[in-house]
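Thank you for making time for this; I would like to walk through one structure with you. Please have the sequence and the model open while I speak.

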Amino acid sequence: MEKYTFRAMELHDSTQIWNLDEIRKRLDFMVKNHMNALVFHEPGIEDKIVFPAKFLGGSGEPDSYYDAFLEVDHAILYHALRENLNLNRRDYMNHVIREAKEAGVQIFFENKELWFSDFILKYKKELMQDGVICPSDPFWYEEFLPYKYKELFLALPDLGGIVCSIGTGEARLAISNTFACGCERCRHLDPVEWYKNMIMAMYKPFHEAGKKLIIRDFIYTKEEQERFKTAFNAMPEDIVLSLKNTPHDFYPTFPDNPLMGQVDPHPQITEYDVNGQFFGWGAQPSAMLKDIRRRLKYGSEHHVTGFLARTDWEGVQDWTCFDNLNMVNLYAIAAYAENENVREEEIYLKWLQGEHMLQEDLLPGELKRCVEDVAEIMNATWPIVEKTNFVNGCLFSNDSCMHLTPEQFTFIGGTHHSLSEWDPEKKDALAMTPENIRSILADKDEARLRCEELADRVAGRNMGLTEKAYEQMREHFEFMRWYVRGFRLTARGYCFGRYVTEADPQDVIAEGRTAAQLLNETIREMEEYREALIKTDFIGRYPFDAQLNPERVLFYTNALKRMAREMCEERGVI
Ligand SMILES: [Zn+2]
């Protein structure tokens with residue numbers, strides 16, 4: 001069993017990274033909850049600090065950050081004026097690093113490679129051929145990465161290091177883009193060699209400056225994971241591996257990441273998304289205490305010595321767990337990483353106290369009852385969310401938003417984010433047999449029933465919270481009602497729509513009715529749902545109206561109508 005010594009929080013929202021008040025709020029939490037690393041996740045964040053001067057005509061060997069700047073200040077003025085602002089952003093960042101250090105916290109950047117400014121193409125014209133930039137050109141690992149990071153550590157000497165995704169299509173340029181470049185080298189490229197070259201190119205300046213290089217696994221299939229493991233294990237052992245708790249992405253229904261424990265003696269850290277890109281962003285609450293505890297335990301049994309709690313997501317602006325009830329998950333991960341036997345109610349109490357949510361004049365007995373109530377209510381959320389945002393464990397949402405069409409779910413939940421890739425028993429999870437459909441419908445009905453009861457309970461009585469905290473809780477549970485109702489309908493539409501397309505629409509498949517009847521009924525229900533949703537206070541308020549966007553409901557309903565129309569025209573069913 002390992003101890004969690006690297007205790008990190010990831011801040012993803014690029015507007016918040018550059019907001020000192022927000023940073024102080026985070027640091028305050030970290031001091032009180034014994035965390036020691038703050039990670040700023042913004043692709044290209046290093047480009048807001050480095051020039052890099054070498055590629056604007058510099059010597060490649062500056063002694064300091066200002067030396068680098070003076071080598072190219074004219075070139076910046078003529079070719080890359082935005083880089084002029086880097087000096088000021090560097091001052092801000094060094095200030096943040098200093099304040100954090102006083103709070104016992106190291107600052108890290110999290111980025112994606114390859115990332116670069118356009119003037120690189122002026123420096124190295126051969127990179128671009130036929131309008132495509134070549135990712136396999138040795139320039140990237142021989143010149144670009146070693147110099148860029150050398151300059152970064154001159155600029156920010158007390159930065160802890162970098163958490164980096166290499167090879168993801170989310171970077172500006174990656175191995176996954178080689179299909180776009182038709183050059184001889186790209187066509188014969190061994191991906192393992194490419195990863196190795198890129199990581200080793202970064203490693204040199206990190207090693208020299210004494211910084212931590214943390215590489216993320218960004219992997220979609222088992223085969224890719226095997227290739228990555230082979231490449232990674234051949235590298236210097238002080239390179240850290242950062243693993244999502246689950247393979248592919250942060251899906252609580254997925255098994256543990258099989259790469260964990262496979263890369264000794266490299267240090268490993270595990271990432272956990274506490275706000276829930278895939279379980280409702282905290283707009284609908286989802287307390288993950290049991291899952292967090294179990295995942296951390298699994299990690300420590302597999303030589304994991306650090307955790308990285310992701311508090312937001314780049315796809316949702318100005319919204320983090322600090323704005324909602326999923327904040328309890330952040331308290332939980334900090335607490336469990338320190339002591340896996342801490343009682344749940346202690347975590348809830350720490351959260352309620354830490355966020356000033358408790359009424360001040362509660363008698364001791366009232367306080368005890370309040371914490372027990374809140375714990376019961378919050379613990380009941382994930383079992384509902386699991387039956388709402390997932391269908392038989394498969395991801396049934398578009399980053400927690402409703403799908404636009406049923407086909408989109410088949411692609412995202414069935415293929416692109418395939419559960420069966422990692423759990424072969426789930427290969428029939430989306431088979432549209434009447435039995436499977438009835439089981440899916442039962443899950444959705446159960447989620448709705450439990451959610452209505454839970455939201456009624458919250459609305460019924462303030463259990464001892466301040467008025468503000470109680471109002472926030474009530475509101476999120478009211479939203480959850482709408483959320484669960486809506487996802488129940490889209491799941492029903494998915495099953496019936498697919499059934500009439502793939503089998504006989506006249507089959508009686510559930511609730512004593514035919515697939516055709518059920519599909520038409522669902523279309524009507526979705527229209528009524530949308531009408532009612534529009535009248536709620538949630539529409540017009542972010543991020544509620546992004547997550548339950550009525551435009552998405554309309555789109556989905558229209559897709560079901562298209563399926564019903566095809567059923568009539570092609571199969572003669574009315
Ligand atoms: Zn190429």
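I will take the metal site first, then the cysteines, then the aromatic residues, and end with one lysine.

Before anything else, please keep in mind that this is a predicted model.

Let me begin with the zinc ion, whose protein donors are the SG atoms of Cys134, Cys181, Cys183 and Cys186, lying 2.3 to 2.4 Å from the metal. The four donor atoms subtend angles of 107 to 112° around the zinc ion, and the arrangement is therefore tetrahedral. Along the chain, these donors follow the spacing C-x46-C-x1-C-x2-C. Cys134 sits in the loop between strand E5 (132–133) and helix H6 (139–155), while Cys186 belongs to helix H7 (residues 184–187), so that this pair links distant parts of the chain, 52 residues apart. Cys134 and Cys186 are both buried.

What about cysteines and disulfides? The structure holds zero disulfides. Cys495, for instance, is in no disulfide, and the nearest cysteine sulfur, which is that of Cys394, is 12 Å away. Is Cys495 buried or exposed? Cys495 has a relative accessible area of 1%, and because buried means under 20%, Cys495 counts as buried.

Now to the aromatic residues, where a search of the whole structure finds 38 aromatic pairs. A pair of rings is described by the distance of the centres and the angle of the planes. For Phe396 and Phe487, the ring centres are 6.1 Å apart and the planes are at 80°, and the pair is edge-to-face because planes over 60 degrees apart are counted that way. Phe396 lies in the loop between strand E12 (394–395) and helix H15 (406–416), whereas Phe487 lies in helix H17 (residues 467–502), so the pair ties together parts that are 91 residues apart in sequence. Phe396 is buried at 2% relative accessibility, and Phe487 is buried too, with a relative accessible area of 1%.

The rings of Phe479 and Phe544 have centres 4.7 Å apart and planes at 55°, so this pair is tilted. Here again distant parts of the chain are linked, with Phe479 in helix H17 and Phe544 in helix H19 (residues 544–547), 65 residues apart. Phe479 is buried, with a relative accessible area of 0%, and Phe544, at 4% relative accessibility, counts as buried as well.

Which residues form one aromatic cluster? They are Trp319, Phe396, Phe409, Phe479, Tyr483, Phe487, Tyr494, Phe538 and Phe544, so that both pairs I have described have their members in this cluster.

The charged end of Arg90 sits over the ring of Tyr66, 5.3 Å from its centre, and Arg485 lies over the face of Trp482, at 4.9 Å from the ring centre.

With a relative accessible area of 40%, Lys222 is partly exposed. If residues up to four places away in sequence are not counted, Lys222 touches Glu421 and Trp422. From Gln129, by contrast, Lys222 is 93 residues away in sequence and 33 Å away in space, C-alpha to C-alpha.

How values were computed. Residues numbered from 1 in each chain as written. Predicted model: local features only at pLDDT ≥ 70, side-chain atom pairs only at ≥ 80, totals over all residues. Heavy atoms only, no water. Disulfide = S-S within 2.5 Å. Buried < 20%, exposed > 50% of the residue type's maximum accessible area, 1.4 Å probe, protein only. Phe/Tyr/Trp six-rings, centres within 6.5 Å; stacked < 30°, edge-to-face > 60°. Helix = DSSP H or I, 4+ residues; strand = E, 2+ residues; numbered from the N terminus. Lys NZ or Arg CZ within 6 Å of the ring centre and 35° of its normal. Donors = N, O, S within 2.8 Å, 3.2 Å for Na, K, Ca; no water. Tetrahedral: all angles 85-135°; square planar, octahedral: opposite > 155°, others 65-115°. Contact = heavy atoms within 4.5 Å.
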